Amino acid sequence: YCRAAMEPVLPDLVIPRRAGAAGLIVSGQVPGARFERLTQAYPLASAVTVDLAFSAEGDSRVWLTGTLEVEAEVQCQRCLETFPVLLTAAVDVGFGPPLEDDAREVVGGIDDELALVPFIEDELLLGAPMVHRHPAGACGPKADPSREEAPKAGSPSQTRRPFEQLGSLLAGHESKSKTGD
């Protein structure tokens, strides 16, 4: 199909054996509205980019490989500000009988229907970080125009030392114990 002229067709259901035999490729931008669970978890800032390929390995194994990505808005758990993040998932799943020496993920159901939308949602949700944070050093308090002008550098009121008095109390306690009181 012509990418510029039409939206990619994301089949609702596929049978992995048939999709692998046909070499089915699903590639393109799919509107986020098709992914109900994903949009409930994250406000999406872009369409979901899908690049998946089915390939047959003999008659008893089919591989589904590719990548998925979508830009979403998340809340930083450090500063509580929202920021865009690219959620990505690398897909590498086999369908067929599992073998003992399989290093890749293999599930049964080579002849069962596979619902692609829930599969894509699962992969993106499982690949998302559990806790979203800005990169180190990127969080900081926002400027609040209602606050007074900040103190100048080097002024005593700029550097907070909440435990400063503890030092003098501790020093007084140590001098009493040395004198024998």
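Biologist: Which residue in β3 does S27 stand opposite?
Modeller: S27 stands opposite D51 in β3. Strands here are DSSP runs of E, at least two residues, and helices are runs of H or I, at least four, numbered from the N terminus. This is a predicted model: local features need pLDDT of at least 70, side-chain atom pairs count only at pLDDT 80 or more, and totals for chains, interfaces and linings use all residues. Residues are numbered from 1 along each chain as its sequence is written, and side-chain values use heavy atoms, with hydrogens and water left out.

Biologist: How many bridges join β2 to β3?
Modeller: 6, and the two run antiparallel. Strands pair if DSSP finds at least two bridges between them.

Biologist: What about β3 and β4, how many bridges there?
Modeller: 9 bridges join β3 (residues 48-57) to β4 (residues 61-75), also antiparallel. V50 stands opposite L68 in β4. T49 has E69 as its bridge partner in β4.

Biologist: Which residue takes a positive phi in that hairpin?
Modeller: G58, near 70 degrees. The hairpin has 3 residues between the strands.

Biologist: Zooming out, what is the strand order in the sheet?
Modeller: β2-β3-β4-β5-β6, an open sheet with mixed pairing. The edge strands, β2 (25-30) and β6 (105-107), each pair on one side only. Neighbouring strands are turned by 25 degrees on average, direction ignored.

Biologist: New topic. Where does helix α3 lie?
Modeller: Helix α3 (residues 116-127) lies across β2, β3, β4 and β5 (82-95). Contact means heavy atoms within 4.5 Å.

Biologist: At what angle does α3 run to β5?
Modeller: About 120 degrees. Axes are lines fitted to C-alpha atoms, for helices over the stretch in contact, and angles run from 0 to 180 degrees between N-to-C directions.
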